[in-house]
Amino acid sequence: SEFCTYEGNCTGPCNGEWCTTIGGGGSGGAGYNTPNVCDQPASVTDVAYACMDWNIGSDEMEAAAATDGNSATHFYGVGSYGSDGTNVGKCYEIDISGASRKGLFQVVNTGGDVATNHFDLQMGAGGFGIFNGCVNPTTAGATGLYGGERSAWGKQYGGWDNRADCDNLPEYPPTLSPTARSSSRNLQEMCRKGFDLGGRLENGANPSIISVKRVTCPVSLIALTGLNRTDAIGIEVHGTGTLTRMMDCCKPSGGWTPNVPFPDSENPAVISCQSDGFTRIDVGKPVPTTFPTLVPSTGSPDPTQDPTPDPTTDPTTDPTTDPTPDPTPDPTPDP
């Protein structure tokens with residue numbers, strides 16, 4: 001209705017919906033407006049979470065890279081790049097100091113605490129930061145995605161400092177079915193993969209970013225997030241920076257359609273997950289219920305022209321400098 005075209009009326013009868021035409025947007029299916037676990041009280045049970053197969057090194061992310069022919073040169077992931085929403089939906093190829101493969105990451109979130117030239121990457125137990133939707137007590141009281149104690153997760157910013165500490169984590173959300181557990185890496189394994197891929201370093205250090213270049217989003221990564229943009233890629237190159245980490249289990253800000261500039265009508269916003277961490281929210285359109293099976297890679301060419309590396313310094317020893325994006329300050333979308 002016309003009432004819901006005004007941002008200030010997003011709550012209550014508009015159910016988090018703000019229909020704007022500025023830079024794209026639109027209401028989308030009802031599922032896109034499912035509230036964020038990180039800002040709902042315990043009385044609200046119908047909430048959305050981040051998907052656990054978005055973590056770097058998950059079976060699903062590795063399979064997506066293999067399906068696209070990129071697994072020999074790149075690993076896939078999602079996160080935040082920049083403190084505002086202008087980059088939501090973009091994909092970037094990131095050359096990471098010390099990593100054997102480049103990152104190919106999609107921006108699905110925003111955060112006012114993400115510093116300039118930092119890419120804040122979702123990885124297994126990478127630290128809650130400001131918001132916690134992973135374990136009780138959550139930020140606002142809604143049920144956390146995992147069971148167990150908060151002490152099993154390490155530091156608020158950055159999570160556990162060392163690979164061996166990943167053993168302290170829970171393995172799966174308690175509502176995840178045994179069948180789904182058998183086909184997906186558990187949280188402990190995904191935490192270790194963050195170290196193995198070079199996305200995080202021992203003693204809590206962050207890797208340095210050598211270079212960043214916007215690229216076309218790969219088909220199988222889009223299938224995992226449900227998000228794509230229609231604007232031209234152009235020439236967008238950035239220099240050195242820092243790779244930080246997070247995993248707050250919150251629905252990302254890109255999960256609301258008005259937050260995505262130039263949205264693809266078929267993939268207008270991130271499709272978040274239900275309380276098992278893997279099953280997608282119903283957004284009123286067909287979404288994959290299964291994703292590509294992990295198969296050995298036969299090698300493939302780099303999907304993008306190789307950016308020229310800039311000199312980089314040694315990895316920072318700050319466990320997480322501004323590591324966690326603000327998923328969204330409340331369940332209503334910001335433009």
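Just after helix α1, glycine 69 takes a positive phi of about 80 degrees; helices here are DSSP runs of H or I with at least four residues, strands are DSSP runs of E with at least two, and both are numbered from the N terminus. That is one local detail of a predicted model, in which local features need pLDDT of at least 70, side-chain atom pairs count only at pLDDT 80 or more, and totals for chains, interfaces and linings use all residues. Residues are numbered from 1 along each chain as its sequence is written, and side-chain values use heavy atoms, with hydrogens and water left out.

**Confidence**

- pLDDT is the predictor's confidence in each residue, on a scale from 0 to 100.
- The protein chain has a mean pLDDT of 83, with 76% of its residues at 70 or more.
- Please read residues 1-29 with care: their pLDDT stays under 50, and the model has 55 contacts for them beyond four places in sequence. A contact means heavy atoms within 4.5 Å.
- Residues 293-335 also have pLDDT below 50, and this stretch has 149 contacts in the model beyond near neighbours in sequence.

**Disulfides**

- A disulfide is a pair of cysteine sulfur atoms within 2.5 Å.
- Cysteine 38 and cysteine 250 form one of them, with sulfur atoms 1.9 Å apart. The torsion about their S-S bond is about -85 degrees, so this disulfide is left-handed. Cysteine 38 sits in the segment before α1 (59-67) and cysteine 250 in the loop between β8 (241-246) and β9 (263-268), so to speak distant parts of the chain, 212 residues apart.
- Cysteine 51 and cysteine 273 form another disulfide, their sulfur atoms being 2.1 Å apart. With a torsion of about 105 degrees about the S-S bond, the disulfide is right-handed. Cysteine 51 lies in the segment before α1 and cysteine 273 in the segment after β9, so the pair ties together parts that are 222 residues apart in sequence. Cysteine 51 and cysteine 273 are buried.
- Cysteine 134 is joined to cysteine 249 by a disulfide, S to S 2.0 Å. The torsion about this S-S bond is about 95 degrees, so the disulfide is right-handed. The pair links distant parts of the chain, 115 residues apart: cysteine 134 is in the loop between β4 (118-122) and α2 (178-182), and cysteine 249 is in the loop between β8 and β9. Cysteine 134 and cysteine 249 are buried.

**Helices α1 and α4**

- Helix α1 is largely enclosed by the rest of the structure, because eight of its nine residues are buried.
- The buried residues of α1 are Asp59, Glu60, Met61, Glu62, Ala63, Ala64, Ala65 and Ala66. They pack against β1 (74-81), α3 (187-196) and α4 (219-225).
- Threonine 225 lies in helix α4 and counts as buried, at 0% relative accessibility.
- Leaving aside neighbours within four places in sequence, threonine 225 is in contact with Trp54, Val78, Gln106, Val108, Ala269, Val270 and Ile271.

- Strand β4 is mostly covered, with five of its five residues buried.
- His118, Asp120 and Gln122 point one way from β4, while Phe119 and Leu121 point the other way.
- Two strands pair if DSSP finds at least two bridges between them.
- β1 and β4 run antiparallel and are joined by three bridges. Within β4, phenylalanine 119 is the bridge partner of tyrosine 81.
- β4 and β8 run parallel and are joined by five bridges. Within β8, methionine 246 is the bridge partner of glutamine 122.

**The largest nonpolar core**

- A nonpolar core is a set of buried Ala, Val, Leu, Ile, Met, Phe, Trp, Tyr and Cys residues joined through side-chain atoms within 4.5 Å.
- The largest one has 71 residues, of which Met52, Phe105, Phe119 and Trp153 touch the most other members.
- The elements giving two or more residues to this core are α1, β1, β2 (91-96), β3 (102-109), β4, α3, β5 (208-215) and α4.
- Not counting residues up to four places away in sequence, methionine 52 touches Ser58, Gln122, Leu145, Tyr146, Met190, Met247, Cys249, Gly277 and Phe278.

Notes
Buried means under 20% relative accessible area, exposed over 50%, partly exposed in between (1.4 Å probe, protein chains only).
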